Amino acid sequence: KVSIFWYRRDLRLDDNAGLYYALRSKYPTLPIFIFDSEILDDLGNKHDARVEFIYKTLLDLQQQLTKLGSSIIVRYGKPLEVWKSLVEEFEIAEVHTNHDYENYAIKRDKQIGELLNAHGIGFYTHKDQTIFEKNEILTGNKTPYTVFTPYSRKWKEQLNDFYMKSYPTEKYFTDFLKIESQPIPSLNEIGFFETEQDFPKKIIDEKLIEKYDTLRDIPSIQGTSRLSVHLRFGTVSVRKLVQRAIKLNQTWLNELIWRDFYMNILHHFPHINEGEAFRREYDAIEWRNNEEEFQAWCEGKTGYPIVDAGMRELNQTGFMHNRVRMITASFLVKHLLIDWRWGEAYFAEKLLDYDFAANNGGWQWAAGSGCDAAPYFRIFNPTAQTKKFDPELKYVKRWVPEVSNFDYPEPIVEHTFARERVLKAYKTALDKK
Ligand code: FAD
């Protein structure tokens, strides 16, 4: 009999809660990963660097497991179908996995739990992605927080060694099932192709993080950790990062708390995962949704250099600096009066670190429809933002070299005009309430 650990967005051997509990069971542990055809078949672009990231990470895990005399089993298909065949193939005593807070994942896990239970197999799920989850952080009235600052205060108050403690999986590495290394389907076999993408390294630059509060808003330098893709796929442990953050920089710790916060919002307010605004009254806004303007925004051709630079950075690298994410998102929603969901979907397609909770949180923040969003009448001025955060145009020129030419295109919309237009549209919608 075996205990299975089902990998999803926690692709590492060290400090992994679910893997730890699988290894500690009475049975030898067999790790598995499923390339979910329901998700992959929906991806229009088959040169998807994220799929490649997962694939390369699996190869890496396989190497480590081979050294331990074991193997990961990798399958492609609909998870329920894959599990139906796994229960026939192996004598499974129990299955362990880590929590995932998205609606799709919750439904999937419920179905699979039922299938396994029907076969007399225990299905155990664990907290791993976040420091606090579900009802662990609540207000005095036992309600979830919807504003970041008091949430973060409570988060810090409740934090202790217990919540940060790493799971010492390495103590149990001899408990992996001893089997020959199993073949992993190639990228082509699952319908994808290699990309030329470089991925950021998995290490924390401690010198940089120490100065994070002074560097983080300057898009022309690498002043942030670039760990987002690793946090997204769990190639690093959030507990280990929090342990470092406490020693290195409180502002950086706050970013990790934002991550917990948005996952917590997703858990308590699942309607945001059904395409609705967090504040539903904002769904009354009449968006202009001009397709040509949307296209110009996507391509980085709005005539606002900072917006164009951000979109081109995104298109070329799969990354965009946080300050510029805020500027480009605000521009789409407020200046062009295009539904934030269009922008959310575009980022979802392009960002290497795409994570539903953080992306939706960021977009609804920009639209003013989210939890703890800036009031809608506060509208970013792209020119003022550039003067403040990229005064010498170092960032802009890297992505938009033609900005120094005299024939740089005119802005697609004039700032003051756009500002008045959006204020009116928001006011009309919200007055209906
Ligand atoms: P650092 O500044 O070094 O921060 C460390 C880590 O904290 C990040 O890796 C990330 O995991 C987390 N973090 C930081 N800021 C936030 C935040 N505001 N919300 C949630 N977590 C945060 N982040 C994503 O991980 N995925 C997304 O899909 C995503 N979409 C966004 C969309 C918009 C419109 C906006 C405004 C922000 C979005 N963010 C998203 C948040 C943020 O921009 C990125 O996490 C950050 O730029 C990643 O760079 P870094 O790893 O160098 O971050």
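Trainee: Into which domains is the chain divided?
Mentor: Keep in mind that this model is predicted. The chain splits into domain 1 (1-128), domain 2 (129-166 + 204-268) and domain 3 (274-428).

Trainee: How many residues of domain 2 are in contact with domain 3?
Mentor: The size of an interface is often given as the accessible area lost when the parts come together. Here we count residues in contact instead: 16 from domain 2 against 17 from domain 3. On the domain 2 side, α10 and α12 are the elements that give two or more residues. Of these, α12 gives the most, with five residues. Sorted by class, that side of domain 2 holds nine nonpolar, four polar and three charged residues. The centres of domain 2 and domain 3, taken over C-alpha atoms, are 25 Å apart.

Trainee: Which residues are closest to the ligand?
Mentor: T224, S225, S228, N359 and G362 are the closest, out of 28 residues that surround the ligand. Domain 2 and domain 3 each provide at least three residues of that shell.

Trainee: Which element gives the most to the shell around the ligand?
Mentor: That is α17, with six residues. At least two residues each come from α10 (228-233), α12 (250-268), α15 (322-335) and α17 (356-367).

Trainee: How do the residues of the shell divide into nonpolar, polar and charged?
Mentor: There are 13 nonpolar, seven polar and eight charged residues around the ligand.

Conventions
Residues numbered from 1 in each chain as written. Predicted model: local features only at pLDDT ≥ 70, side-chain atom pairs only at ≥ 80, totals over all residues. Near = placed C-beta within 6 Å. Helix = DSSP H or I, 4+ residues; strand = E, 2+ residues; numbered from the N terminus. Nonpolar A, V, L, I, M, F, W, Y, C, P; charged D, E, K, R; others polar. Domains from an automatic or database assignment. Contact = placed C-beta atoms within 7 Å.
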